Amino acid sequence: MTTAGMFTDSEILEYLQGSNEKELFDKAYRCLAEGLGTTVLYRGLIEISNYCRNNCLYCGIRAGNTSASRYRLDKKEILGCCKRAVESGYGTFVLQGGEDNRHSIEWLENLVKTIHSEYPNHTITLSLGEKSKDDYIRLYEAGARRYLLRHETATRQHYYQLHPDSMSFENRMECLRNLKEIGYETGAGMMIGSPYQTYNHLLSDLRFLENFQPDMVGVGPFINADNTPFSDYTNTLLAPDDEASVRLTLRVIALVRLLVPKANIPATTALFTLGKSITMDECVKTGANVRMFNVSPENAKEKYNIYNGKSDGK
């Protein structure tokens, strides 16, 4: 299914605001069924560290959160997580973590090589933030094949409402371009209902994704994190309550499916955290086709608090 000229900006904005929701979901489900099929793909999520050098204003593991209980998994622990993922039947390992200064490129390169050597038939996905192009190349050559890096917002001004000036909107976009050029299956994405976000911001995000055509798109609702500048923030325009945030997230997933038809789109842990009664079947009906299950050690799950009440995916 081609996306060229599928929707006008006005049509996207109408869908975002809830017009013809069932029609939108039906279109997205047909697109998924005809393109990729409706079989759900399962991934094993391993949260390797909650140390982070960055100070993103919304994130519970930001460097400035002195209340966070920090941890790092060592190589043996990570390999144990991989073993649990294999035993559970997951064909992909997703190594996620903050931008930990103690994780040198040499250490990460060695880790990826070891995992690839021990599990050559499993796919290694990384979600470890912004790195140089040379570092991304080294990790690719070590055996990683997918990389998740949410763009967060395609609007420069909005980016700096969510991040400190020490971070760079241009660098985030360059990292995404580098990942795709190297050959990674590249993932982008954004939070729904993030602070100061408007429908026009979401429209820009969807147009960015339509143009970039990433291989994966992570879309989940914004959830407050304690001890952050946005710990009490509510986006009264987009997500005045949990139910509205969940419904809008599902509509965005459906639009992403139609605009980026070949992408793998997870039903995120944030979506299941906020939408406590939602089922994977409902998410598939809106175009999602991936589910991640956390195989990290229990003490790590408790400490990787990027937002309040985080589900472990089960």
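Analyst: Helices (H or I, at least four residues) and strands (E, at least two) are DSSP runs, numbered from the N terminus. The model is predicted, so local features need pLDDT of at least 70 and side-chain atom pairs pLDDT 80 or more, while totals for chains, interfaces and linings use all residues. Residues are numbered from 1 along each chain as its sequence is written, and side-chain values use heavy atoms, without hydrogens or water.

Start with Val-217, in strand S6 (residues 216-221). Val-217 counts as buried because its relative accessibility is 1%; the cut-offs are under 20% relative accessible area for buried, over 50% for exposed and partly exposed in between (1.4 Å probe, protein chains only). Beyond four places in sequence, Val-217 is in contact (heavy atoms within 4.5 Å) with Ala-188, Gly-189, Leu-209, Val-256, Ala-263, Asn-264, Ile-265 and Pro-266.

Now the core. A nonpolar core joins buried Ala, Val, Leu, Ile, Met, Phe, Trp, Tyr and Cys residues through side-chain atoms within 4.5 Å. The largest one has 98 residues, and Leu-16, Ile-115 and Val-252 have the most contacts inside it. Helix H9 (residues 242-259) gives this core its largest share, 10 residues. A second, separate core has 5 residues, among them Leu-45, Val-94, Leu-148 and Met-292.

Leaving out residues up to four places away, Ile-115 touches Ile-78, Leu-79, Cys-82, Phe-93, Leu-95 and Ile-124. Helix H3 (residues 75-87) packs on helix H4 (residues 105-118) at about 35°, with axes 11 Å apart. Axes are lines fitted to C-alpha atoms over the stretch in contact, and angles run from 0 to 180 degrees between N-to-C directions. From H3, Lys-75, Ile-78, Leu-79 and Cys-82 meet Trp-107, Asn-110, Leu-111, Thr-114, Ile-115 and Glu-118 of H4.

Aromatic rings come last. Rings of Phe, Tyr and Trp (its six-membered ring) pair if their centres lie within 6.5 Å; planes under 30 degrees apart are stacked, over 60 edge-to-face, the rest tilted. The whole structure has 13 aromatic pairs. Tyr-90 and Phe-293 are stacked, 5.7 Å centre to centre with 10° between the planes. Tyr-90 sits in the loop between H3 and strand S2 (92-97), and Phe-293 sits in strand S8 (residues 290-294), 203 residues apart. Both Tyr-90 and Phe-293 are buried. Tyr-196 and Phe-230 are edge-to-face, at 6.0 Å and 75°. Tyr-196 is partly exposed at 41% relative accessible area; Phe-230 is buried at 6%.
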